[in-house]
Amino acid sequence: MHRLSPTFARLERWIDSQVRRFAQELQFELGGQRLAMTDCWVNVMPRGVSHGLHLHPLSVVSGTYYVSVPQGSPGLKFEDPRLDRYMGAPPRSEPAAVRNRIWVTLPAASGGLLLFESWLRHEVPANPVRAQRISISFNYGWGSTKG
Ligand SMILES: [Fe+2]
């Protein structure tokens, strides 16, 4: 989308600046190369639609810009990447502190931007409300060039 539409290209420029800040915060050593948007797509989720657990292979940073998030529609649910190493660990108290949870859901809000490292598995639970949940998701690659 960012290569076809001037509106999406403008959004890309803004997200680029946020991804640069994110990369600095994570202390990425990029070796003189840059992170660049490789994919960008629109998600329209009517009532009952979910997006199952997944990650974004071959990307470095992924994220979502929330266009329209009706009240009551879900956030983005992340899985602790250590989950397969917990083995005999006991369950956590309910409600557990965020730092101790295996699953953490970050709320979505219209106009908000959420960035995360692409190896972090995540899902969007089913939208329980009638109004559509609309977002724009994207991936950034390392050493990519604009096409
Ligand atoms: Fe995703």
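Are His 56 and His 122 buried or exposed? His 56 is buried, as is His 122, where buried denotes under 20% relative accessible area, exposed over 50%, and partly exposed the range in between (1.4 Å probe, protein chains only). The model is a predicted one, in which local features need pLDDT of at least 70 and side-chain atom pairs count only at pLDDT 80 or more, while totals for chains, interfaces and linings use all residues. Residues are numbered from 1 along each chain as its sequence is written, and side-chain values use heavy atoms, with hydrogens and water left out.

The iron ion is coordinated by the NE2 atoms of His 54, His 56 and His 122, at 2.0 to 2.1 Å. Donors are N, O and S atoms within 2.8 Å of the metal (3.2 Å for Na, K and Ca); water is not among the atoms, so sites may look incomplete. The sequence spacing of the donor residues is H-x1-H-x65-H. His 56, in the loop between strand E2 (51-54) and strand E3 (61-68), and His 122, in strand E7 (residues 122-124), are 66 residues apart and link distant parts of the chain. Helices (H or I, at least four residues) and strands (E, at least two) are DSSP runs, numbered from the N terminus.

An open sheet of 4 strands is arranged in the order E1-E8-E3-E6 with antiparallel pairing, two strands being paired if DSSP finds at least two bridges between them. Strand E1 (35-45) and strand E6 (113-117) stand at the edges with a single partner strand each, so one side of each has no neighbour in the sheet. On average, neighbouring strands of this sheet are turned by 20 degrees against each other, direction ignored. The antiparallel pairing of E3 and E6 extends over 5 bridges, and Gly 63 stands opposite Leu 115 in E6.

Helix H1 lies across E1, E3, E6 and strand E8 (133-142), at about 50 degrees to E6. Axes are lines fitted to C-alpha atoms, for helices over the stretch in contact, and angles run from 0 to 180 degrees between N-to-C directions. Gln 18 is located in H1. Apart from its neighbours within four places in sequence, Gln 18 is in contact (heavy atoms within 4.5 Å) with Leu 113 and Leu 115.

Gln 24 is also placed in helix H1 (residues 6-25). Gln 24 counts as exposed because its relative accessibility is 60%. The C-alpha atoms of Gln 24 and Arg 101 are 26 Å apart in space, with the two residues 77 residues apart in sequence.
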